[in-house]
Amino acid sequence: MSDLDEPVQPERNTPSADPVSADGFFRDIELSGGEFGQLVECATARLVSFLESLPDQPARDTENIEPVLRLVDEPLPSEAVSANEILNLLFEDLIPKSFNTTSPGYLSFIPSGGLPQSAVADLIAGTVNRYVGVWQAAPALAQLEATVVRWICDIVGFPASAGGFLTTGGSLANWSAIVTARRCRLPEDFLKGIIYTSSQTHHSVAKAAMLAGFPERNVRVISCDERFRINCHELREAVENDRSEGLTPFLIVGNAGTTNTGAVDDLEALADLAAAEQLWLHLDATYGGFFTLTERGQAILKGMSRADSIALDPHKGLFLPFGNGALVVRDAKALSDTHRLDADYMPAMQQAEARVDFCNISPELSRDFRGLRLWLPIKLHGIDAFRRALDEKLDLIAMATAELKTIDGIEIVAEPQLTTVAFRLNRPGLDEADLNQLNREFLDRINADKRIMLTSTILDGRFVLRICVLSFRTHAKNIDDCMEAIRTAAVD
C-alpha cells in the first residue's frame, strides 16, 4: 500500500499527536519536500495515463450524471482523506463526465486541447508563488510576462508604443477594452456614447458594454452580408444617423473570427471608417487573431494591425489550457490612463516605460503569474511550431469542407474563412421548421458516435451544424472519423 493511501500528514519532530512541533510551529497543512514530491508523482502517473489514453476516450460523456454529482455534493469535510482516494475520485469518476476538450475528436465550440506544457508552468508558478502585479515584487518574472505581451504585440503587427496584459479570456479582455475606449473617447457623463457591433459578434461584447455602464440601447447591432461579415455601408449610415440625433459614436467592435462561422469582417474597411469618423476600433480576435502567424491568415486578417485594441485568446489559437486571454492596445498609455489608481500601502510604481506594473494597466491587483504558461511552451518549441500547427488546421478544415460537399444532401451554409465550417442536411419538400428538427436529430446521431463531438448554431433562422478544427491533437485521421460519422448519420 502506498503512503498516499493514508491521509497526508507532515513529518513531526516529536512523536506527539499535537500539531505543534518541538520548534513551536504549527505544521498541520505543511508538506515536507518528500511528501510534496510523492503527491506530485502520484498525480503525474494518473495524468500520463490520461494523456496516453486520449485517442480511445470519448469526445463527450455527460450521460447518467446524477450518481456522480452525489459523490461531490457533500458537507464541509473536517478530517483528512488520502491522496489516492482523492485522485481516484477525480480521474475515475469526475473528470470523465465532461465534454472532453482534450480529445482530438472534439470539434465543437472553439477547441484548443490544452497544452500540458502549460500545466507544468502552472505547477511551477503556483509552487514558487511569485507576485508579478507589481514590478518590484519580482522584477525578472514581471519582465518575463511583459516580454510575452510584447511577443503578442509583435504577432499582431502593433508598433513599439503598444502594450497590454494577460487575462483569463476574451470576456474580460473585451470588457477592459470597452472601458479603455470609453475613458479615452468619452466624457465622464458617457451615456450618449454609442457602440457598434454586428449580428455575429460574441455576446461577451454586449455583456461587457453593460458591465461598463452602457444601457442596452447604446449598442447598435449591424446586419451582416452573405458571408456573415458586418455590413460596412449600414454601419456608416448608423454612425451618421446617431450623430444627427445628438448621440456620440465612439467605438466599433469588429470580428476577427466569429464563434458561429469563423467570419472575419473587412478589417481594412473598418479601420478606414474608424479613422474617418475618429472612432476607437476594437477587434475581437480571440479565435482568429493568432492565424496571422500563417501566410493565409495574414491575408485573411489584413488590416488587423490598424486597430486601437485587440482581444486574443492564447487558449484558442496558441492551444493553451482555458483561462489564458490577452488584451493589447496600440498605445500602452491608454491602459495606464484608464486603470491606474494609487494607494498609500502600495510600493513605488515604475516610471521607466520598459518596466510594467501590471496592476496599473489592468483591472486586477491580486492575480496569478500567467506569463509562464505561454513563455514556457514557446521557449520549448519555438513559434514556428505553432505556425505549422495553425497551418495544419487550415488544411484540415479545407479537407473537411471538400468531403462534406461529396455527401448527398449536405448543404454548406458558411464556407470556412478560418477553421470553422457550418452545414446542414437538406431534404426537398421540408419547410424550415422541419429542416431544423431534422438537423437536431442529425446532430444527435453524429455525436452518438462518441469519437467526435460537433455543436450547432442558428444562422438566419436555420439550425446548422459546425465543425471547428483548432486542437493541436486533431489530425487527418480525426477528420476521417468525423466524415464517417456524418456519412452514416446522413443516411439514417
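The crossing of α4 and α13 is right-handed, a term for a near helix turned clockwise from the far one by less than a right angle, anticlockwise being left-handed. The model is predicted: local features need pLDDT of at least 70 and side-chain atom pairs pLDDT 80 or more, while totals for chains, interfaces and linings use all residues. Residues are numbered from 1 along each chain as its sequence is written, and side-chain values use heavy atoms, without hydrogens and water.

**α4 and α13**
- The axes of α4 and helix α13 (residues 371-381) lie 8 Å apart, at an angle of about 130 degrees; axes are lines fitted to C-alpha atoms, for helices over the stretch in contact, and angles run from 0 to 180 degrees between N-to-C directions.
- That angle makes α4 oblique to α13, given that under 35 degrees counts as roughly parallel, over 145 as roughly antiparallel, 65 to 115 as roughly perpendicular and the rest as oblique.
- Residues of α4 in the contact (heavy atoms within 4.5 Å) include Ala 121 and Ile 124, and those of α13 include Leu 376 and Leu 380.
- Seven nonpolar, three polar and two charged residues form the contact of α4 with α13; Ala, Val, Leu, Ile, Met, Phe, Trp, Tyr, Cys and Pro count as nonpolar, Asp, Glu, Lys and Arg as charged, and the others, Gly among them, as polar.
- Helices are DSSP runs (H or I) of at least four residues, numbered from the N terminus.

**α1 and α3**
- α1 and helix α3 (residues 83-94) cross at roughly 20 degrees, their axes coming within 11 Å, and are therefore roughly parallel.
- This crossing of α1 and α3 is right-handed.
- Among the residues that meet are Leu 47 and Phe 50 of α1 and Phe 91 of α3.
- The contact of α1 with α3 comprises eight nonpolar, two polar and one charged residue.

**Largest pocket**
- The largest pocket holds about 930 Å³ of space; on a 1 Å grid over the protein atoms alone, where a 1.4 Å probe fits, a pocket is an open set of points with protein on both sides within 12 Å along at least five of seven lines, and lining residues have an atom within 4 Å of a point.
- Its volume is the space filled by probe spheres set on the points, which are joined across faces, edges and corners.
- Of the 30 lining residues, Leu 47, Phe 50, Leu 51, Phe 91 and Ala 119 lie nearest the centre.
- α1 (33-52) and α4 (116-128) each supply at least two lining residues, and α1 gives the most, with eight.
- The lining has 19 nonpolar, nine polar and two charged residues.
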